[in-house]
Structure formats: structure tokens, C-alpha cells
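Welcome! Take a moment to look over the sequence and the 3D picture, and then we will walk through some of the details together.

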Amino acid sequence: MSQMARSAVRAFLLPSPCFISPAPLWARHRHLLALDAARGKRWATGGGYGAGGPRVSGLKWSVAGPRVADPGLGWSRRHYRLIRDVGSLSPVSKGNFENLLQLPEVHEGRTLYEEGKLAQAAQQFTRADEIVTSMGVAELRWLTSETLVHLNALMGDFNKEAQYRAACILYAEEVAEQAPSQHASIGVFDAYHAAGISGIKFGLLDTLNIDRAKEVAQQLGKDGPVHRHACELTEGMAMVNGSHPSSSADQASEYLSELAETCERDCSETNPAMAAAAYLFLSTALAKSEDLQGAASAVKSAMSLVEYPSSDADAAIKVAALCRMCDAHLAKDEVGPANDAAADALKLAETFPSALAGGLELCLLTMARVRRAAGDFIIAEGLLRTCMANLAPKGAVTPIVWKMLVLQDATAVYAEMLEGITINNVSREAEGEQARARLAEVERKYPATARACEALRETNLEQWYIRVMLPNPPLLLQAQI
């Protein structure tokens, strides 16, 4: 082992194996150093982007990393639903919006949201919603309702999410009737389509909402086809996971194969993530029918469409595809190719940190599984410890359901791995049980989030799909106002 590799491994040796210590300076980059040191790669400090490859957070890799577009071009393409931003509001709507921003509850709610204190932010926006109810302006209720949808979805309170989604439909329809516009029509479409997706969390796609969304899509002119395909893609996902009321998983492969080709033809230039999503769902359907070769081919097709990510949605799809490739290689004991796929996913998650909530930790977990399969238990343990430490809720920060899912998986892998490790004839199983106990305490403290994790696992609703279909936060929570 080279001196650099030994140094990288030592960076993971925490003072005590019995607890997760606070991450010191540069801890978030240890996994990258250890990874490439173990593979014999050289690195040097740098900044920005250069000819030698992407320089991620102060590190410049001497070998080709994931090829990405200029991050400054993140929203350069007209992306599905990106038309719904503050700049697209009519003068009257913008006036309503600016008046709403003057409420102290909205200002405080935005601050709490940025700090990760979602429960407290929801309380402030609930109060704001109560205030605007007395004003009788549908657009104000729409704005507060979609904000509460977003917050409750992140916290895993799906019942409240459904309640506010129904309100969004009501107020979006009313706004569109009072002041018809393309922006208002897209808002109506989004309200119906999002409600349909949310229904899957309860195990059943609401086809009435999806059909209504398709009707609205027909009124959107040149923007109509991509929105119609979004509905068709949601139906395909429901077929795959068994939540479609009138179609079965047996029909999914043929349906998604045709849809993937159609989306690639219609959307590959303006919205490649949507076409790539169709191929990812096709790969799931083919894998369920035991067509593993076809599933692998579908993943490669998805990868080719987002080869150069230019948005968080593109990056989310590519990370998901790379993790699937890694899983497929591990299933065949192909550790080398699995390591390469996990490394690319990890670098991409660093480059697009907001693509997926907990995306970096998901990739750390994926790499840990690879290193465990390779017998590198020290590195695997260090990656898992970093992952769990990053995801453990701190202070008043509310855990996001997607992050808790990764924390659950990381804890399970960590505890299982330690069951088979002994030091001086002493088993480390007790340390794994301590990690399980810490997780159980988090789940007891946040029961709604824990229940939501169970529901998402049962319905196989993955975060990357939400990221593709609903790429923007609500208007009141958008950073640039």
C-alpha cells in the first residue's frame, strides 16, 4: 500500500470505535481522498474548473471525472415546470406575492426553512395561511398551501401533504378562472399532477387527478407534450410498483419501452431527465421480469441522455443510474466496475450537492458497500461512520424523510458488517447494536418521518423521480426573490 493510501486510511481511524465523533475540518472530503488514494490516483489542490477535470470543492482530480456542463448553466434550458418562478408572475400576481412577503410569519418561516428547522417553519407558514384566509384572495392561499405541501412532504406527514394538495387544486383553479394565463394553467396542471404522485405514497395512483392534468396539458400549446409525457411517466411508474388501479406490472415493460422512445424523441433536447427517467423505470420493469440484460441496457440509455448534467434533475437521474449500475456489478461480484460506478456517483454528488437530499451520503453508502465487498473493512467503516454522522439530526434541525431512509440503510449495513468483525477475539457486534439503538431513538423522536420511510419503501417511490417531476421549491421558498 502506498504512503498516500496509508495516510488516507489513517484519516478514518477515529479515537474510539464506540461512537461517532464530530467531523473535523475537511472530513467531508476524506472519502474522496481515501477512495482515489486506494486506487493509486494523484490529486492536487485547485479551484473551479480546469482542463484536467472538475475541481470539486478545492480538489482537482488528475484523471477524468464525471463530465458536466458549466454549473452556471444550471437553468439555461427550459425545463419542465421551471416556468413557475417569481419572474413569470403577472403584475397583479407579483403584487400579491410581494405583499405576502411582508408578513413576519413568512419572513421567519423562510429563515427557519433555510436553517433546516422544518417543523418550526411549518408552524410559521400555518399561521401565515390562517392570516391570508381572512383576506379572501385565492392566490395568497395557493402560495401558502403549496409551501405547506412542500414542508410536510419533506417531514413525511403525508396526510397533511394530501390535505394541502387538495387546497392547491382548489385555489389554482380559482386563480386560473379569475385571470387566465399560461402561468396559471401550468399551476393548475402542477396541482393535479403532484396530487396524483402524492397518492402513490398511500399505495394507489389517483388516476382522476392524472386525467385532469392531461386535459390541462392539452391547453398549454407548445408546452403541452412534455407535460402530457410527465403524466404518462407517472402512470408508468405506478404500473411498475403496483399502485396503478387498472394496469399491472406485466404491462409496464411494453408501455415504458414505447414511452421511453417517445420521450427521447420529444424531450431529449429540452428535458433529457424526463426521457432518462422513462428508461430507468423501464430497467426496473425488465429486472422484475428477470430480463437483466435488457435492464442493464435501459440504464445505459438513461445514462447517455444525461451524460453532461446541466441541472439538479439531470444529476439526480445520473446518480440514480450509476448506483443501479453499481448494484448490478456487485450482484455479479464485479468489484472493479462497481467501484468505478460508485466513484463517479460520489464525484457527481459533490458537484451537484443539491440534486438529492442526502445524495452525498447515499453515494458514501454505495461506496462503503463496494469496499466491504472488496474486503476493505476499515475504509468501509469510515465511510459508514461519516455517512451516519452527517445524517444524524442535530439540535432543532428536522430530519428529511429522504435522509432518514439513507440513515436507516447505512445503519443496517454498518451493524451487519460489525457482526462479522472481531478484535482480539472480541466481537464488535455490540457496537452495531449501539448504532441501531441511536437510529431507534431518532425514529421514536420523529415517528411521522419514520412511518413515511416505511410507506416509501413499500411503494418504491424514489426521490430522484420527485426531483425530475417537481424540480422547484414553492415560490415562497425559492432562494432568489
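How many helices and strands does the secondary structure of the protein chain come to? The count is 21 helices and 6 strands. Please keep in mind that this is a predicted model.

**The chain as a whole**

The protein chain has 481 residues, and buried residues make up 55% of them. Now consider the contacts in the chain with a separation of 6 or more: residues 24 or more positions apart account for 69% of these.

**Helix 11 and helix 12**

Let us start with a pair of helices. Helix 11 covers residues 252–267 and helix 12 covers residues 272–288. Their axes come within 8 Å and cross at roughly 165°. Because of that angle, helix 11 is roughly antiparallel to helix 12. The crossing of helix 11 past helix 12 is left-handed.

Which residues meet here? From helix 11, the contact includes Ala-252, Ser-253, Leu-256, Ala-260 and Cys-267. From helix 12, the residues include Pro-272, Met-274, Tyr-279, Phe-281 and Leu-286. Sorted by class, the contact of helix 11 with helix 12 has 14 nonpolar, 2 polar and 2 charged residues.

**Helix 16 and helix 17**

On the helix 16 side, the contact is made by residues including Glu-361, Leu-364, Leu-365, Met-367 and Arg-371. On the helix 17 side, Phe-377, Ile-379, Leu-383, Cys-387 and Asn-390 are among the partners. By class, the contact of helix 16 with helix 17 has 11 nonpolar, 2 polar and 3 charged residues.

Two other residues in these helices deserve a visit. Leu-360 sits in helix 16 and counts as buried, at 14% relative accessibility. Its C-alpha is 9.7 Å from that of Val-319, although Leu-360 and Val-319 are 41 residues apart in sequence.

**A buried leucine in a loop**

Where is Leu-220 placed? Leu-220 is in the loop between helix 9 (207–217) and helix 10 (224–241). Leaving aside neighbours within four places in sequence, Leu-220 is in contact with Gln-182, Ser-185, Ile-186 and His-227. Take Gln-182 as an example: Leu-220 and Gln-182 are 38 residues apart along the chain, and their C-alpha atoms are separated by 6.9 Å.

**Two residues with a positive phi**

Next come two backbone angles. Most residues other than glycine have a negative phi. Glu-290 is not a glycine, and yet its phi is positive, at about 65°. Asn-424 likewise has a positive phi, near 55°. Glu-290 lies in the loop between helix 12 and helix 13 (292–305), and Asn-424 is in the loop between strand 5 (422–423) and strand 6 (426–427).

Are these residues buried or exposed? Glu-290 is exposed, with a relative accessible area of 69%, and Asn-424 counts as exposed at 72%.

**Cysteines**

How many disulfides does a search of the whole structure find? The search finds 0 disulfides. Another buried cysteine is Cys-231, at 0% relative accessibility.

**Burial side by side**

Here are some of the residues we visited, with their relative accessible areas.

| Residue | Relative accessible area | Class |
|---|---|---|
| Cys-231 | 0% | buried |
| Leu-360 | 14% | buried |
| Glu-290 | 69% | exposed |
| Asn-424 | 72% | exposed |

Key: Residues numbered from 1 in each chain as written. Predicted model: local features only at pLDDT ≥ 70, side-chain atom pairs only at ≥ 80, totals over all residues. Heavy atoms only, no water. Axes fitted to C-alpha atoms, helices over the stretch in contact; angles between N-to-C directions. Helix = DSSP H or I, 4+ residues; strand = E, 2+ residues; numbered from the N terminus. Parallel < 35°, antiparallel > 145°, perpendicular 65-115°, else oblique. Left-handed = near helix turned anticlockwise from the far one by under 90°. Contact = heavy atoms within 4.5 Å. Nonpolar A, V, L, I, M, F, W, Y, C, P; charged D, E, K, R; others polar. Disulfide = S-S within 2.5 Å. Buried < 20%, exposed > 50% of the residue type's maximum accessible area, 1.4 Å probe, protein only.
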